[in-house]
Amino acid sequence: MRAAPPLSTPLRSMTGCGAGQASDGASACRVEIRSVNNRFFKASIRAPEGFAALESRVEALVRGRVRRGAVQIDVEVTGPAAPAGRRLNHDQLQAYLDDLEKFCAARDLPLPRSLDGLLSLPGLLVETPPDAAAAEQAWPLVERALSQALGELDAMRAAEGAALAAELRGICGEITALAASIAARVPAFVEEHRARLTERVGTLLAAHGVGVAPADVLREVALIADRSDVAEEVARIGSHVAQVERLLATEAAGRPLDFLAQEFAREANTIGSKVADAAVAHAVVELKTRVERLREQVQNIE
């Protein structure tokens with residue numbers, strides 16, 4: 001009896017998302033992570049302007065949990081820990097107000113009740129240079145939020161990985177059954193070919209009063225049987241299925257599984273070229289369909 005598959009698997013999907021929050025007094029940090037399929041690891045980090053110095057640490061933490069995939073990390077910091085991007089130039093604002101007051105007094109006009117119109121004037125809002133020390137002080141807050149987001153991301157990727165493993169096992173079961181049906185069909189195909197060959201050659205030669213030697217027919221049938229021998233391909237398919245099962249119990253199996261999907265396709269093509277039989281051709285089409293499904297699912301695995 002075949003052993004039951006494990007209830008859990010370290011397999012991880014490359015798709016998922018997670019969010020984390022951390023606070024420290026009046027300061028707070030929120031991190032959101034989204035990952036999608038990619039052949040390699042690729043991180044894209046969006047953080048406050050003054051936090052550029054922390055991006056290498058953020059990427060290092062993500063790399064510790066994600067081996068492959070395109071990962072988008074959004075970092076938002078509020079409160080005193082947030083870098084000051086712009087500040088109001090009080091001296092310039094006071095100069096504008098003095099000029100406005102003089103202008104209105106000279107023309108007996110009321111002073112405006114709102115400063116909204118003044119804020120668009122040149123020189124009122126000035127950029128504050130990034131403060132590396134402030135970013136360094138905020139790192140523990142960012143680290144806690146990032147770790148929480150990575151935990152959620154990993155949980156989603158693991159759940160998706162378990163579903164993918166179950167799907168791949170089901171596909172491999174179908175591939176095994178199709179390979180077995182092909183192996184069982186080939187001897188019958190050779191026997192049917194022998195019967196047809198004997199009948200056709202006998203009919204043709206009988207018209208000329210000539211008989212056919214059984215050894216000649218058997219020699220031709222032996223050639224057909226040799227060309228139609230798919231035992232090696234079927235055995236390799238069984239070996240590939242066993243390797244898939246082994247890889248499903250390992251981490252970062254995406255690339256080896258992708259290689260095996262290509263090998264499955266190679267065996268199916270070889271079988272199709274060897275056996276000129278309608279039943280086998282139909283089974284090969286079904287086999288290729290399963291292999292393509294396998295390949296598509298493998299693209300989602302880390």
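H6 and H7 run roughly antiparallel to each other, because the angle between them is about 170°, with the axes 9 Å apart. This description, like the rest of the report, refers to a predicted model. Helix H7 covers residues 278–298, and its side of the contact consists of Val280, Val284, Leu287, Lys288, Val291, Leu294, Arg295 and Val298, which meet Gly254, Leu257, Asp258, Ala261, Phe264, Ala265, Ala268, Asn269, Ile271 and Gly272 in H6. Sorted by class, the residues of this contact comprise twelve nonpolar, three polar and three charged.

H6 also packs with helix H5 (residues 231–247), the two axes coming within 10 Å and crossing at roughly 165°. H5 and H6 are therefore likewise roughly antiparallel to each other, and the crossing by which H5 passes H6 is left-handed. On the H5 side the contact is made by Glu233, Arg236, Ile237, His240, Val241, Gln243, Val244 and Leu247, and on the H6 side by Pro256, Leu257, Leu260, Glu263, Phe264, Glu267, Thr270, Ile271 and Lys274. This contact of H5 with H6 has nine nonpolar, three polar and five charged residues. Leu257, Phe264 and Ile271 of H6 take part in the contact with H5 and also in the contact with H7.

| Helix pair | Angle | Axes |
|---|---|---|
| H5 and H6 | roughly 165° | within 10 Å |
| H6 and H7 | about 170° | 9 Å apart |

Helix H6, which spans residues 254–274, also contributes the largest share of the lining of the largest pocket, namely three residues. The space in this pocket amounts to about 190 Å³, and its lining is formed by Met14, Asn37, Asn38, Arg39, Phe40, Arg68, Gly254, Arg255, Asp258, Val298 and Gln299. In terms of class, the lining of the largest pocket has three nonpolar, four polar and four charged residues. Among these lining residues, Gly254, Asp258 and Val298 also belong to the contact of H6 with H7.

How values were computed
Residues are numbered from 1 along each chain as its sequence is written. This is a predicted model: local features need pLDDT of at least 70, side-chain atom pairs count only at pLDDT 80 or more; totals for chains, interfaces and linings use all residues. Side-chain values use heavy atoms; hydrogens and water are left out. On a 1 Å grid over the protein atoms alone, a cavity is a set of points where a 1.4 Å probe fits but cannot get out, and a pocket is an open set with protein on both sides within 12 Å along at least five of seven lines; lining residues have an atom within 4 Å of a point. Grid points are joined across faces, edges and corners, and a volume is the space filled by probe spheres set on the points. Helices (H or I, at least four residues) and strands (E, at least two) are DSSP runs, numbered from the N terminus. Ala, Val, Leu, Ile, Met, Phe, Trp, Tyr, Cys and Pro count as nonpolar, Asp, Glu, Lys and Arg as charged, and the others, Gly among them, as polar. Axes are lines fitted to C-alpha atoms, for helices over the stretch in contact, and angles run from 0 to 180 degrees between N-to-C directions. Angles under 35 degrees count as roughly parallel, over 145 as roughly antiparallel, 65 to 115 as roughly perpendicular and the rest as oblique. A crossing is left-handed if the near helix is turned anticlockwise from the far one by less than a right angle, and right-handed if clockwise. Contact means heavy atoms within 4.5 Å.
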